[in-house]
Amino acid sequence: MPQNIKNFINGKWIDAVGGKTLKSINPADTSDTIGIIPRSGQKDIDMAVSAARNAYEKWRLTPAPRRGEIILRAAEMLVKRKQDLGELVTREMGKALPEGLGDVQEAIDMAYYMGSEARRLSGETVPSELPDKDCKSIRVPIGVFALITPWNFPTAIPAWKLFPSLVCGNTVIFKPSSYTAVCAARLVEIIAEAGIPPGVLNLVHGTGEETGEYLAAHPGIDGVSFTGSTAVGEKLAKMCSALDKEISCEMGGKNAIIVMDDAKLELAVEGALWGGFGTTGQRCTAASRVAAHEAVYDKFLDMLTKAASKLRLGSGLSKTTDVGPVINESQMQKILNYIEIGKKEGARLAIGGKAYKEGACAKGYFIEPTIFADVNPKMRIAQEEIFGPVVCLIKAKDLKDAINIVNDVKYGLSSAIYTQDVNNSAIAERDLDTGLVYINASTIGAEIQLPFGGTKKSGLGHREAGGRGGAIEMFTKWKVIYRDFSGTLQKAQIDKD
Ligand code: UN1
């Protein structure tokens, strides 16, 4: 039986005013409907925004460590429900179960980190130029945030936004992807049970066009944090800057691994498989390109193709599955279309290239792990984000050529190099123009205690996650306070007679 999912507004679970619904289905088996989701319209959003506005004053004045305690309680509850929630992530999104559990683990990590950060929302105290005067900077919340999240990390990415925004003292309206709305509802249930006051966290389901855009443009919203495609992110950014709203976007990627002639090839193959086909290639950090040194290119291609041929497709809930389905029909068509484009552009299909409908995969959106060899770095398949199980292998003359290949795309999220040479590693660290650089590890698997995000068209505004420059920057603004206790008029910068 599909679950009846509701919006969460002002502490109450309610249907969309218009009564319209959407379905969330299992991408590994489209006969399995997981949830009936409210398809919210303007009235629902108006209600959620007004609840968040009303709750803001009290939440802003709640001591940050108290706010953090609620998030720490949510962390404990997530630990207890990790297995159930991980299975739900796999059933609703499709990724293999160890990754479904990993998705929840990332949400747990973020909850502990941000819950503790509540005791460290520190600014600076510095000496004044003048006597009997002190100066300090403090972080203050921004107001009401719209948090718009994608389907590929149904609990982790919402956690990246919910926990820091709430800890910082903002109230929020969370609009998750309708493809993973049931996971989002479970996550909100947990935070509600952990004690979040009514109106502080509101959940509104619906489509991006109908619900997301109206929400982001709403006059009652002070800021928007978005993760999704570059096209939508840029559109939102233009709109928000015209409306004077804060905006941060985490967007696409065309990430690459460099394999040098001195690399441990077995390790590089494992990294390319994990980065290229893990999460069925549906991570913004996915390794969709590999630039292999010409001296090892043929051997690497052979090893990679053999290893990819052993990957087993299937439901993520099955223990034997390495690669799950893609999320939906339109993504499947988009990926298959890119495979056709690659063939027409003259890339050599080394393995895969087709939809897969055998046996238990008959009712799902499966695509064979696909590798294109002899890819020219200027081809569309090597430049554009495909977001599926497609890896492009490119031959590089030397390190400099490989770095140029990695950098010569409009994106700059993640990159990696496999090498045993410390000098190659140092040069790559310095010259790869991406927000994340991995040495002897794949392009995926960023940890939450450091900032997450990219350069160029991969990100705009602030970075996500922890560390200096991470999400705390996104969800607070600085206020500087000068206190003069001299009892006289002291004039800064003005010479005394
Ligand atoms: C994403 O790809 O959308 O670094 C997020 C990683 C994960 C997060 C990925 N921790 O691959």
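Analyst: The structure holds 26 salt bridges, a salt bridge being a side-chain nitrogen of Lys or Arg within 4 Å of a carboxyl oxygen of Asp or Glu. In general, side chains of opposite charge can pair when their charged atoms come close. The model is predicted, so local features need pLDDT of at least 70 and side-chain atom pairs count only at pLDDT 80 or more, while totals for chains, interfaces and linings use all residues. Residues are numbered from 1 along each chain as its sequence is written, and side-chain values use heavy atoms, leaving out hydrogens and water.

Start with Lys235 and Glu213, whose closest N and O atoms are 2.9 Å apart in a salt bridge. Lys235 belongs to helix H8 (residues 230-242) and Glu213 to helix H7 (residues 208-217), so this pair links distant parts of the chain, 22 residues apart. Helices (H or I, at least four residues) and strands (E, at least two) are DSSP runs, numbered from the N terminus. Glu213 has a relative accessible area of 29% and is partly exposed; buried means under 20% relative accessible area, exposed over 50%, and partly exposed in between (1.4 Å probe, protein chains only).

Helix H8 also takes part in a second pair. Lys457 forms a salt bridge with Glu234, with 2.8 Å between the closest N and O atoms. Glu234 sits in helix H8, whereas Lys457 lies in the loop between E22 and strand E23 (459-460), and the two are 223 residues apart. Both partners are partly exposed: Lys457 at 33% and Glu234 at 24%.

Lys354 is partly exposed at 49% relative accessibility, but Glu368 is buried at 17%.

Now the wider setting. The domain assignment gives domain 1 (3-251 + 458-481) and domain 2 (255-439); such bounds come from an automatic or database assignment. Between these domains, 25 residues of domain 1 are in contact with 27 residues of domain 2, where contact means heavy atoms within 4.5 Å. The two domains bury about 2100 Å² between them, 60% of it on carbon and sulfur atoms. Glu99, Trp151 and Ser458 supply 25% of the area that domain 1 buries against domain 2, more than any other three residues. Buried area here is the accessible area (1.4 Å probe) that two parts lose on being put together, summed over both.

Two salt bridges run between domain 1 and domain 2. The side chains of Arg283 and Glu99 meet in a salt bridge at 3.9 Å, N to O. Strand E5 (29-38), helix H3 (82-93) and helix H4 (97-117) each supply at least two residues of the side of domain 1 that touches domain 2. H3 gives the most to that side, with five residues.
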